[in-house]
Amino acid sequence: MAGVSTTMGLSAAVTGTETKAASMSFEPPPKPRQLDVVVVGLENVLMPFEGKERQGGLFKGLNFHMRRVCMPYYVISNLNKQEASHNLMQSAEIFSDFTPDSPRLLMSHDMQDKVQALRSVLTKLPDNSKLHYIDSDQLTLQEVAKDQNLQDVDLYLAAWSSENPEGSLEKLGSLVGQGKIALLQLDEFGSTMQWGFGLGDQIWDTYLECNDGAPMEPKGKI
């Protein structure tokens with residue numbers, strides 16, 4: 001009888017193990033984190049300009065933040081590539097790889113050039129990527145927002161630019177109110193470039209009491 005009991009006990013243990021194994025479910029692996037790619041305007045976003053003349057170095061704090069950028073980024077300029085490259089490399093050592101033939105340096109003569117440049121960048125991005133475009137030119141952002149091929153690009157206006165004094169956002173009409181274009185402050189831009197979208201605004205919200213919150217974009221906070 002003792003042998004029978006042992007056999008029955010083993011059978012029960014095996015059955016229990018099989019039942020437990022059968023009831024186990026395996027979750028699919030999490031999706032890889034979205035890759036954020038940024039196109040940044042040179043004039044009046046990274047440094048102040050009047051026409052084609054640079055009026056100083058990088059805006060306050062950007063030398064620190066741009067040394068710690070966590071995302072791939074392009075720089076787009078109204079200047080020719082030689083002039084844009086010269087201004088970048090003269091302003092900070094961190095831009096030493098922005099040579100005139102750098103594929104990350106984009107040249108544009110007008111709004112349509114910028115639209116075409118963004119389309120070109122978008123075609124090069126891998127799956128699960130998100131393109132963000134930051135510029136000081138309200139009319140260009142308005143044009144990009146209307147382009148059907150760029151509806152998935154998140155748009156930001158550099159509110160610290162001299163081109164955008166307080167109360168002069170009427171060119172954007174309802175695009176800001178609808179969330180199609182977000183207003184980005186200098187401190188938010190710097191911290192976002194350093195920590196990434198979704199983290200930069202949290203840092204400022206946590207540590208700076210004077211910060212009035214991150215800008216809103218079509219899908220919520222950055």
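How much accessible surface does the chain have, and what share of it belongs to carbon and sulfur atoms? The accessible surface comes to about 12,500 Å², and 54% of it belongs to carbon and sulfur atoms; accessible areas here follow the Shrake-Rupley method with a 1.4 Å probe, and for residues only the protein chains shown count as cover. The model is a predicted one, in which local features need pLDDT of at least 70 and side-chain atom pairs count only at pLDDT 80 or more, while totals for chains, interfaces and linings use all residues. Residues are numbered from 1 along each chain as its sequence is written, and side-chain values use heavy atoms, with hydrogens and water left out.

The chain has 7 helices and 10 strands, where helices (H or I, at least four residues) and strands (E, at least two) are DSSP runs numbered from the N terminus. Of its 222 residues, 42% count as buried; buried means under 20% relative accessible area, exposed over 50%, and partly exposed in between (1.4 Å probe, protein chains only). Among contacts with a separation of 6 or more, 66% come from residues 24 or more positions apart, a contact being heavy atoms within 4.5 Å.

Strand E1 (residues 35-41) is joined to E6 by 6 bridges, and the two run parallel. Within this pairing, Asp-36 has Lys-130 of E6 as its bridge partner. On to the next neighbour: E6 and E7 also run parallel, joined by 4 bridges, and Ile-134 has Tyr-156 of E7 as its partner. Because 6 of the 7 residues of E6 are buried, this strand is largely enclosed by the rest of the structure.

E1 also runs parallel to E4, with 4 bridges between them, and here Gly-41 stands opposite Ile-76. Strand E4 (residues 73-77) is mostly covered, with 5 of its 5 residues buried. The cover extends to both faces: Tyr-73, Val-75 and Ser-77 are buried on one side, and Tyr-74 and Ile-76 on the other. E4 pairs in turn with strand E5 (residues 105-107), in the parallel sense and over 3 bridges, with Ile-76 standing opposite Leu-106.

Next come the charged side chains. Side chains of opposite charge can pair when their charged atoms come close. The structure holds 4 salt bridges, each defined as a side-chain nitrogen of Lys or Arg within 4 Å of a carboxyl oxygen of Asp or Glu. One of them joins Asp-135 to Lys-114, at 2.8 Å from N to O. This pair links distant parts of the chain, since Asp-135 belongs to strand E6 (residues 129-135) and Lys-114 to helix H4 (residues 111-124), 21 residues apart. Both Asp-135 and Lys-114 are buried.

Asp-147 and Arg-119 meet in a salt bridge of 2.5 Å, N to O. Arg-119 lies in H4, whereas Asp-147 lies in the loop between helix H5 (138-146) and strand E7 (154-158), 28 residues apart. Asp-147 is buried, with a relative accessible area of 10%, but Arg-119 is partly exposed at 27%.

Asp-97 and Arg-104 form a further salt bridge, their closest N and O atoms being 2.6 Å apart. Asp-97 counts as partly exposed because its relative accessibility is 39%, and Arg-104, at 25%, counts as partly exposed too. The charged end of Arg-104 also sits over the ring of Tyr-73, 4.8 Å from its centre; this requires NZ of Lys or CZ of Arg within 6 Å of the ring centre and within 35 degrees of the ring normal. Arg-68 likewise lies over the face of Phe-64, at 3.8 Å from the ring centre.

Finally, the rings themselves. The whole structure contains 4 aromatic pairs, in which rings of Phe, Tyr and Trp (its six-membered ring) have centres within 6.5 Å, with planes under 30 degrees apart counted as stacked, over 60 as edge-to-face and the rest as tilted. Tyr-156 and Phe-197 form a tilted pair, 5.8 Å centre to centre with 35° between the planes. Tyr-156 lies in strand E7 and Phe-197 in the loop between helix H6 (186-195) and helix H7 (200-207), 41 residues apart. Both Tyr-156 and Phe-197 are buried. The rings of Trp-160 and Phe-189 have centres 5.2 Å apart and planes at 25°, so this pair is stacked. Ring pairs also link Tyr-73, Phe-95 and Phe-98 into a cluster.

Note on methods
Pairing = 2+ DSSP bridges.
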